[in-house]
Amino acid sequence: RVKDLGKNGHAFYDPSMHDALHQNVALEQHLRRALERNELEMYYQPQIDAASGRIIGAEALMRWNHPVRGLIMPGEFLPFAEESGLIVPISEWMIDTLCRDMAHWGTDGADPLTLSLNLSPHYLDHSKFFETMRNALQRYDIGPGRIAVEITENICIRNPQYAIEQLKKLGQLGVSVAIDDFGTGYSSLAYLHRFPIHTIKIDQSFVQQISDEDGHYPVVLAIISISRGLNLDLVAEGVETEVQARYLRAHGCSTMQGFLFHRPMPLGGFVNVLNS
Ligand code: C2E
Ligand code: MG
Ligand code: MG
Ligand code: MG
């Protein structure tokens, strides 16, 4: 931890390090209590089929309803959960909550919706991860193909062989794998085709560069072309404008997600959207 503080710009004899250390200890206690007191909540952001405009699934995104500070976004507390090891109980809570919530996603005979969840590399490495996932799928009777796990490219680089094995185990449970934020990490194209993945998600930073329907956005086009070449599904995230949606659709992106369609929302809101 001290080393990490160093990385974050605190020198060893900087008095502010004491504050940071205290803040970290306090945050760890607060986060532990948040889990016990049910202050964490999963939000859902619909994923849209580009051709029909229909909702075909949702990505689950974590929020912390802090009693004093209000809604806290995952970028503010998940890095800390990873550093402190709390990511393990938090991920277990998340998997159970998501599988339970899915029982409320009635779709009246339409194709069942899929759920995408973000998995921390620290948790994918954890020995109980596979068992937790299998038990939750069984307990809530979730059929194969309904869950996709999103991981970032970097996970595949650290120990590719191990990552391949873990992802294959997920595949045996009927869980598919998406590479999140594609294009922003250290993706090795040499490895990508060996990974048992099904989907890549274009990072929102590339999507948001699209400002002109007739413009030329080579990175977006390159990612679309990689997905085709490797026969992977493609999801664009962070779609905020009609122009972006039209450009992506015109170039063959099949699934979209973003504020243009829906913001992430609590389970109740998501169910209302499905039924409206
Ligand atoms: P991500 O998985 O890449 O999620 C996409 C982020 O973009 C989400 O931020 C989402 O709210 C936001 N977003 C969606 N549509 C738009 C849009 O049109 N415009 C803009 N500007 N933003 C949009 P959020 O919810 O703050 O999550 C941030 C990151 O935290 C996620 O990035 C993911 O890496 C991580 N995360 C979120 N929930 C979980 C979780 O349950 N477990 C783990 N391990 N990580 C999570
Ligand atoms: Mg994601
Ligand atoms: Mg992403
Ligand atoms: Mg992201």
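Helices (H or I, at least four residues) and strands (E, at least two) are DSSP runs, numbered from the N terminus. This is a predicted model, in which local features need pLDDT of at least 70, side-chain atom pairs count only at pLDDT 80 or more, and totals for chains, interfaces and linings use all residues. Residues are numbered from 1 along each chain as its sequence is written, chains are lettered from A and ligands numbered from 1 in the order in which they are written, and side-chain values use heavy atoms, with hydrogens and water left out.

**Ligand 1 and its shell**

Select ligand 1 and the residues near it (one heavy atom within 4 Å). There are 25 such residues, and the closest are Arg63, Asp180, Gln204, Glu240 and Phe259. By class, the shell comprises eleven nonpolar residues (Ala, Val, Leu, Ile, Met, Phe, Trp, Tyr, Cys and Pro), seven charged ones (Asp, Glu, Lys and Arg) and seven polar ones (the others, Gly among them). Next, colour strand β2, which gives the most to this shell, with four residues.

Now display polar contacts, here pairs of N or O atoms within 3.5 Å. An oxygen atom of ligand 1 is 3.0 Å from a side-chain N or O atom of glutamate 59, and an oxygen atom of the ligand is 2.7 Å from one in glutamine 204. At glutamate 240, a nitrogen atom of ligand 1 is 2.5 Å from an N or O atom of the side chain. Taken alone, ligand 1 exposes 800 Å², of which the protein buries 82% (accessible areas by the Shrake-Rupley method with a 1.4 Å probe).

**The two magnesium ions**

Move to ligand 2, a magnesium ion. Which residues coordinate ligand 2? Its donors (N, O and S atoms within 2.8 Å of the metal, or 3.2 Å for Na, K and Ca) come from Glu59, Asn118, Glu150 and Asp180, at 2.0 to 2.2 Å. Water is not among the atoms, so sites may look incomplete.

Then select ligand 3, also a magnesium ion, which is coordinated by Asp180, Asp181 and Glu237, at 1.9 to 2.5 Å. Along the chain, the donors of ligand 3 follow the spacing D-D-x55-E. Finally, centre the view on aspartate 180, which bridges the two magnesium ions, 4.1 Å apart.

Methods:
Polar contact = N/O pair within 3.5 Å; in protein donor to acceptor, adjacent residues only side chain to side chain.
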